[in-house]
Amino acid sequence: MRGTITVIHPDGTVESKVLDHAAKLDDLKSAIGGGYMEKIPRFTKFKTDTGVVDCIALCDEDGSRKNMSPNRTATLAWSASLAATDPAQPVVLNTLVGPVAILYGDKEWMKAL
């Protein structure tokens, strides 16, 4: 079992943490800044150094209410995911805010999420 949590911060910096165990709730909450987690709809593909992977992306569900900073880098990654999964579908997005956690790994790791 092996997976990665990649966090895209609003300033464009990116951090990745590789886990050899199932992701814990505390790992996920701290990645998005500690708030309630929300799965970002249709953010299911992410381009890494080794290619495009299946993923789950999370953000703070109250990020807008908390006036978190816009996250342009994560929003562009979301747009790329939408284009990769359904190129014929018009892309209509909100701007993501705050830190965004992108989770990807082997089948066992992803199933444990």
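In β7, the residue bridged to Ile-56 is Leu-103. That pair belongs to the contact between strand β6, residues 56-60, and strand β7, residues 100-105, which run antiparallel and are joined by three bridges. Before I go on, note that this is a predicted model.

Now the sheet around that pair. It is open, has five strands and pairs in the antiparallel sense, in the order β2-β1-β7-β6-β3. At the edges are β2, residues 14-19, and β3, residues 37-39, each pairing on one side only. From one strand to the next, the twist averages 25 degrees.

Next, β4 and β5. A hairpin of two residues connects β4 to β5, and the two strands pair antiparallel over four bridges, with β5 covering residues 51-54. Lys-47 has Val-52 in β5 as its bridge partner.

Last, the backbone angles. Arg-42, in the loop between β3 and β4, has a positive phi of about 65 degrees and is not a glycine. Its relative accessibility is 44%, so Arg-42 counts as partly exposed.

Asn-67 sits in the loop between β6 and α2, the latter being residues 72-85. Phi of Asn-67 is also positive, near 55 degrees, again in a residue other than glycine. With a relative accessible area of 67%, Asn-67 is exposed.

Definitions and conventions:
Residues are numbered from 1 along each chain as its sequence is written. This is a predicted model: local features need pLDDT of at least 70, side-chain atom pairs count only at pLDDT 80 or more; totals for chains, interfaces and linings use all residues. Side-chain values use heavy atoms; hydrogens and water are left out. Two strands pair if DSSP finds at least two bridges between them. Axes are lines fitted to C-alpha atoms, for helices over the stretch in contact, and angles run from 0 to 180 degrees between N-to-C directions. Buried means under 20% relative accessible area, exposed over 50%, partly exposed in between (1.4 Å probe, protein chains only).
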